[in-house]
Amino acid sequence: MESVQVRDYINQYPVTFTPDMSVEEASLRFLKTKQIGGPVVDDNYRLVGFLSESDVLEKMLKSIYHNSHIANVSDIMRSDVLAVKTYDSIVELGQNMLGNKPKVYPVVDEDGNLQGTISRNDVLRAIDLHMRTSFKVGA
């Protein structure tokens, strides 16, 4: 199971945001894609932050009585992002997810360029698939 890597279960088409994007536009992207979080990238697709659905909801709730532009993604994104590499172990990532709260992790290359995302559900799917094939082989 240690040989199963993040690259095998990556979402290569995650919802992404830019720092100058409005919170309103970010909200629409969440609604359209039904994803719960996504990387914030610069013009070169380099990871610069992470935005969660709850970050957007919190800002929108605070601004519910204002009928104007709320803020930009850069105002509410997290810049201290926990990211993983494509060659990281699914098992190790799953163990880290138990201790850390992010449900979605950006996957980056050595230069910090976004490759995709991986979620708790993706990790669970990888472990479930491994267990099902292991038990069938051993049966």
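Colleague: Which residue in β4 is the bridge partner of Lys 85?
Modeller: The partner of Lys 85 is Val 108. Please bear in mind that this is a predicted model.

Colleague: In which sense do β3 and β4 pair, parallel or antiparallel?
Modeller: They pair in the parallel sense, over two bridges, and β4 spans residues 104-108.

Colleague: What holds paired strands together in a sheet?
Modeller: Strands of a sheet pair through backbone hydrogen bonds, and the sense may be parallel or antiparallel.

Colleague: In what order do the strands of this open sheet lie?
Modeller: The order is β3-β4-β5, three strands in all, with mixed pairing. The edge strands are β3 (84-85) and β5 (114-119), since each of them pairs on one side only.

Colleague: Let us turn to β1 and β2. How many bridges join them?
Modeller: Five bridges join β1 (residues 37-41) and β2, and the pairing is antiparallel. Within this pair, Gly 38 stands opposite Leu 51 of β2.

Colleague: What lies between the two strands?
Modeller: Five residues lie between them, and the two strands form a hairpin. In the turn, Tyr 45 has a positive phi of about 65°.

Colleague: How many residues of β2 are buried?
Modeller: Five of its six residues are buried, so that β2 (residues 47-52) is mostly covered, where buried means under 20% relative accessible area.

Colleague: Now Leu 61: is it buried or exposed?
Modeller: Leu 61 is exposed, because its relative accessible area is 52% and the cut-off for exposed is over 50%. Leu 61 belongs to helix α2, residues 53-62.

Colleague: Which residues make the nonpolar surface patch?
Modeller: Leu 57, Leu 61, Ile 64 and Tyr 65 make the patch, which covers about 520 Å².

Colleague: And where is Arg 120?
Modeller: Arg 120 is in helix α5, which runs over residues 120-138. Arg 120 is partly exposed, because its relative accessible area of 33% falls between the cut-offs of 20% and 50%.

Colleague: Which residues does Arg 120 touch, leaving out those up to four places away in sequence?
Modeller: Arg 120 touches Met 97, Asn 100, Lys 101, Pro 102 and Lys 103. As for Tyr 105, which is 15 residues away along the chain, its C-alpha atom is 8.7 Å from that of Arg 120.

Colleague: Finally, which residues does the UniProt annotation "domain: CBS" cover?
Modeller: According to the UniProt record, an unreviewed entry, the annotation covers residues 10-68 and 77-134. In the model, residues 77-134 are 43% helix and 22% strand, and the end C-alpha atoms of that span lie 41 Å apart.

Technical notes: Residues are numbered from 1 along each chain as its sequence is written. This is a predicted model: local features need pLDDT of at least 70, side-chain atom pairs count only at pLDDT 80 or more; totals for chains, interfaces and linings use all residues. Side-chain values use heavy atoms; hydrogens and water are left out. Helices (H or I, at least four residues) and strands (E, at least two) are DSSP runs, numbered from the N terminus. Buried means under 20% relative accessible area, exposed over 50%, partly exposed in between (1.4 Å probe, protein chains only). Contact means heavy atoms within 4.5 Å. Two strands pair if DSSP finds at least two bridges between them. UniProt positions are given in the numbering used here, feature names are shortened, and annotations may be inferred rather than shown by experiment. Patches are made of residues with over 30% relative accessible area and no salt bridge: like charges are joined within 9 Å, nonpolar side chains (Val, Leu, Ile, Met, Phe, Trp, Tyr) within 5 Å. Accessible areas come from the Shrake-Rupley method with a 1.4 Å probe; for residues, only the protein chains shown count as cover. A salt bridge is a side-chain nitrogen of Lys or Arg within 4 Å of a carboxyl oxygen of Asp or Glu.
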